[in-house]
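Let's take a walk through a protein model, stopping at a few side chains along the way. Have the sequence and the 3D view ready, and look up each residue as we get to it.

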Amino acid sequence: MKGLIIAGTNNLFTVECDDEITRNCTIKGKVLKSDKQFYNPLAPGDVVEIEIDPLNDEKGQILSLEPRKNTFLRWNVKGRCPQLLASNLDYLILVTTPDEPPFRPRFTDRALAQAEHQGITPVIVCNKWDLAETMQTDGREEEFEKIERRLSIWEDLGYKVLRLSAKTGEGMAEFAELLEDHLSAFVGQSGVGKSSLINVMDNSCVLKTGSLSKKYGRGSHTTTKGTLVHLILNEALMEGVHGRKADIIDTPGIRRFVLDDIEAGDVALYFREFEPFIGKCKFGLGCKHNSEPGCAVKEALENGDITEERYDSWKRISHEIETGLWED
């Protein structure tokens, strides 16, 4: 029978099977046929075929993997191979914050590029928006304006951006409506409040949340492995209607997001505003978009079709790939 991967590490996976029994399953022969070596062979959201253990109905073996609609992954530096985070997604929810932990737009730009590469629809969620509003009253207006500008740049590029707060409830109803009847993965740095958002959307779901390091302003890894969670959306967010559902993959907090299978010279292909100008430079596809004469990308930058912020982000990410030196 078929089953849905809920969670798993190494060679032990929790599989929700078609007969409504959730089983602990191992991979038969320990190897799934694949043209690529992964840090982990399966991810939450994968659909597999299993056979039931004849001696224990609560166990089974995974025989094969059904074709995936898509995958979201990153390069695992320690394991030196790609790491699957989630499969068969409708949305990739990129969670960030204006503060606590600090706003890091280049993390989001990296994840956006990876989502574009994988053909997944991203949604940017700026949680803890109550902290952004506080910035405007405690002498941090300039910092707030920079955050608002970057969010507006993403919006102008066609990305959906939600400003919300799990603490105050601001924007949560719109967020729940978006997620209803879809499978979405939450991705972000530790401490941005992924688990808190899930807890608000389904008040019967209690995921562990953590506090921030006072020294570094970073969160601890309270979610240690990706897990698919079936939510019964809080009726208070759904106009009093009970029983509306959404599926969420809560991924572990990522401190450093490293792109997978994207060469430095190809990063521009996954920056939406760059794409119309690629290949139109005087030196064609060989242009580095730095100081070459007749560069269509640089002309677009001067004309305002590409913003300084995104150009700088593209330049830094390309440099990170070239050097292998990635920033947090």
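Before the first stop, you need one cut-off: a residue is called buried when its relative accessible area is under 20%, exposed when that value is over 50%, and partly exposed in between. Keep in mind, too, that what you're looking at is a predicted model.

Start with Asn127. You'll find Asn127 in the loop between strand S9 (122-126) and helix H2 (129-135). Is Asn127 buried or exposed? Its relative accessibility is 2%, so Asn127 counts as buried. Now look at what surrounds this residue. Leaving aside neighbours within four places in sequence, Asn127 is in contact with several residues, including Val95, Thr96, Thr97 and Pro98. Leu164, Ser165, Ala166, Val192, Gly193 and Leu197 are also among its contacts. Zoom in on Ala166 for a moment: its backbone nitrogen lies 3.1 Å from a polar atom of the Asn127 side chain.

Next up are the charged side chains. How many salt bridges does a search of the whole structure find? The search turns up 21 salt bridges, and we'll visit some of them.

Take Glu180 and Arg244. These two form a salt bridge, with the closest N and O atoms 2.9 Å apart. This pair links distant parts of the chain, as the two residues are 64 residues apart. Glu180 sits in the loop between helix H4 (172-179) and strand S11 (183-188), while Arg244 belongs to the loop between strand S12 (227-232) and strand S13 (245-250). Glu180 has a relative accessibility of 16%, so it counts as buried. Arg244 is buried as well, because its relative accessible area is 18%.

Now hop over to helix H7 (residues 308-323), where Arg316 and Asp312 are 4 residues apart, which means about one helical turn separates them. Their side chains meet in a salt bridge, at 2.9 Å from N to O. Arg316 counts as partly exposed at 36% relative accessibility, and Asp312 is partly exposed at 34%.

Another pair to find is Arg163 and Glu155, which form a salt bridge whose closest N and O atoms are 3.0 Å apart. With 31% relative accessibility, Glu155 counts as partly exposed.

For the last stop, which residues are linked in a network of salt bridges? Pick out Asp109, Arg150, Glu273 and Arg310, and you have the linked residues of that network on your screen.

How values were computed. Residues are numbered from 1 along each chain as its sequence is written. This is a predicted model: local features need pLDDT of at least 70, side-chain atom pairs count only at pLDDT 80 or more; totals for chains, interfaces and linings use all residues. Side-chain values use heavy atoms; hydrogens and water are left out. Buried means under 20% relative accessible area, exposed over 50%, partly exposed in between (1.4 Å probe, protein chains only). A polar contact is a pair of N or O atoms within 3.5 Å; within protein, one must be able to donate a hydrogen and the other to accept it, and residues adjacent in sequence count only if both atoms are side-chain atoms. Contact means heavy atoms within 4.5 Å. A salt bridge is a side-chain nitrogen of Lys or Arg within 4 Å of a carboxyl oxygen of Asp or Glu.
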